[in-house]
Amino acid sequence: MKSVRKSNPNSAIGWISSAKVEEMDGNIEEAWLLIGQACDRFPNNDSVWLEAAWLAPPSEAKSILLKAISNIPKSKKLWLEAAEREDDEE
């Protein structure tokens, strides 16, 4: 997946896919690093932020979603995920 990121570094899907492959291989730290870089590169892409929230420990997911919503306040996907996480804590 590294070659996908290098050949098309402006594709958020390539970054997300790379993080997912690392996660499946058990390389959570590498997956977290990649998705963090993707969040920096694509701050207006809600799919990147949702993947970051998915990869994050539950204690950090909420703050990631807050940051995502501050970048993309009109994203229904982010608001729904944040609301779902709120319900999980009750």
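**Ground rules.** The model is predicted, so I take local features at pLDDT of at least 70 and side-chain atom pairs at pLDDT 80 or more, while totals for chains, interfaces and linings use all residues. Residues are numbered from 1 along each chain as its sequence is written, and side-chain values use heavy atoms, with hydrogens and water left out.

**Entry 1: α2 and α3.** I took helices as DSSP runs (H or I, at least four residues), numbered from the N terminus. Two packed helices are described by the angle between their axes and the distance between the axes. I looked up α2 and α3, and they pack at about 165° with their axes 7 Å apart. The axes are lines fitted to C-alpha atoms over the stretch in contact, and angles run from 0 to 180 degrees between N-to-C directions. That angle makes α2 roughly antiparallel to α3 (the term is for angles over 145 degrees).

I then listed contacts, meaning heavy atoms within 4.5 Å. On the α2 side they include Trp15, Ile16 and Glu22, and on the α3 side Leu34, Ile35 and Arg41.

**Entry 2: Glu22.** Glu22 is in helix α2, residues 12-24. Leaving aside neighbours within four places in sequence, Glu22 is in contact with Asn27, Ile28, Glu30, Ala31 and Leu34. Leu34 is 12 residues from Glu22 in sequence, and their C-alpha atoms are 8.9 Å apart.

**Entry 3: α4.** Why do I call α4 largely enclosed by the rest of the structure? Because 7 of the 10 residues of this helix (46-55) are buried, where buried means under 20% relative accessible area with a 1.4 Å probe, protein chains only. Among the buried ones are Asp46, Trp49 and Leu55. At the N-terminal end, Asn45 caps α4 with a side-chain oxygen 2.9 Å from the backbone nitrogen of Ser47.

Entry 4: Not counting residues up to four places away in sequence, Ile35 touches Ile16, Ala19, Val48, Glu51, Ala52 and Leu55.

**Entry 5: Arg85.** Which helix holds Arg85? Arg85 is in α6, residues 76-89. Leaving aside neighbours within four places in sequence, Arg85 is in contact with Ala53, Trp54, Ala61 and Leu65.

Technical notes
Helix = DSSP H or I, 4+ residues; strand = E, 2+ residues; numbered from the N terminus. Buried < 20%, exposed > 50% of the residue type's maximum accessible area, 1.4 Å probe, protein only. Polar contact = N/O pair within 3.5 Å; in protein donor to acceptor, adjacent residues only side chain to side chain. Parallel < 35°, antiparallel > 145°, perpendicular 65-115°, else oblique.
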